[in-house]
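Thanks for coming. I have one structure for you today, and I will keep it brief.

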Amino acid sequence: MAFPLPRPTRPELPQRRVRTLECGQGAVRAVRFNVDGNYCLTCGSDKTLKLWNPHKGTALRSYQGHGYEVLDAAGSFDNSHLCSCGADKTVALWDVATGQVLRKYRGHAGKVNCVQFNEEATIIVSGKGVVFAGVLSPLEPPQYPFPPQGSIDSTVRCWDCRSRRPDPVQLLDEAKDGVSSVKLSSHEILSGSVDGHVRRYDLRAGQLYCDYVGSPITSVCFSKDGQCTLTASLDSTLRLLDKDTGELLGEYKGHRSTTYRLDCVLSEQDTHVGCASEDGQVYFWDLVEGSLARSLPVGRGVVQSLSFHPTLPCLLAATEGQVQLWHKDSFQEQGDTE
């Protein structure tokens, strides 16, 4: 006689702030968990990149080498290397242990908004962005509508980490305006552009698939199961699209996104979608029902960046000069084991 399988636990969402990191980097432009969620990176307007253990609240190392503010970063699969990009128009490859810049890639004609490693960390993919209000200092006024960028540089570039060649190994120039967000799967590059298009490059098939959203896109991501894509845009709407057909599966509204480049995320089990907001909140919706599930009161300023833990209901949210760590309500902090 076969016993029935235990009922799966109900998915939980972050709802309790358990730690605040005062980063000391000016405005925090982006926060990113590493591949296993044990560490995170913060990108500062003071030109620095910092590595943290957010669960203990400890800063582990600061990386200096960009000539202007750092806008995005990512870690390699084995945590031995970092890549970052910034307003100095460069992409940097770092050695985690030594804190040294191993290589700098130049070729973008303007600020580089987004950067990602491929699975093997042999290729860095970067996207040239636009002048979003979110990458200006607090004293500068927002610039919207955005100035046309297509004639300058609206490209996604692929850089070979193993080669000394200064040029990208591939240049994807289909976007008609700045590229605001880039994400990678095992064989795909997903990009969102201010021209309102989501473009997916299938590298195995050599095909480009394009979906038009109709509003400047600020962030894109794959679902964990690889079947869907999520986009955030400046009409204060999240859209869930079927990756293969482009069918609109869901729309999520309630947050405010009209000026800044804000992140969208999916929870670790693909049960909820989330987005930062210009009203100081983070909003989560039920993916299937589309109903608002929770809002987190992060602060008074714009919540600039989000990063969801890869396996736990745990969220990092960046606002102004700090990063907050949010957990489920039943979370109990463990004692320091070191």
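This is a predicted model: local features need pLDDT of at least 70, side-chain atom pairs count only at pLDDT 80 or more; totals for chains, interfaces and linings use all residues.

Strands of a sheet pair through backbone hydrogen bonds, either parallel or antiparallel. Here 4 strands make an open sheet, ordered 1-28-27-26, with antiparallel pairing. Strand 1, residues 16-22, and strand 26, residues 303-308, are at the edges, so to speak: each pairs on one side only. From one strand to the next, the twist averages 20°. Inside the sheet, strand 27 (residues 315-319) and strand 28 (residues 322-327) are joined by 5 bridges.

Now the salt bridges. There are 12 in the whole structure. One of them links Glu-12 and Lys-328, with the closest N and O atoms 3.7 Å apart. Glu-12 is in the segment before strand 1 and Lys-328 in the segment after strand 28, so this pair ties together parts 316 residues apart in sequence.

Next, Glu-188 and Arg-200, whose closest N and O atoms are 2.7 Å apart. Glu-188 belongs to strand 15 and Arg-200 to strand 16, so the pair ties together parts 12 residues apart in sequence. Glu-188 is buried, with a relative accessible area of 4%, and Arg-200 is buried as well, at 5%. Both belong to a network of salt bridges that also includes Lys-243 and Asp-244.

That is what I have.

Methods:
Residues are numbered from 1 along each chain as its sequence is written. Side-chain values use heavy atoms; hydrogens and water are left out. Two strands pair if DSSP finds at least two bridges between them. Helices (H or I, at least four residues) and strands (E, at least two) are DSSP runs, numbered from the N terminus. Axes are lines fitted to C-alpha atoms, for helices over the stretch in contact, and angles run from 0 to 180 degrees between N-to-C directions. A salt bridge is a side-chain nitrogen of Lys or Arg within 4 Å of a carboxyl oxygen of Asp or Glu. Buried means under 20% relative accessible area, exposed over 50%, partly exposed in between (1.4 Å probe, protein chains only).
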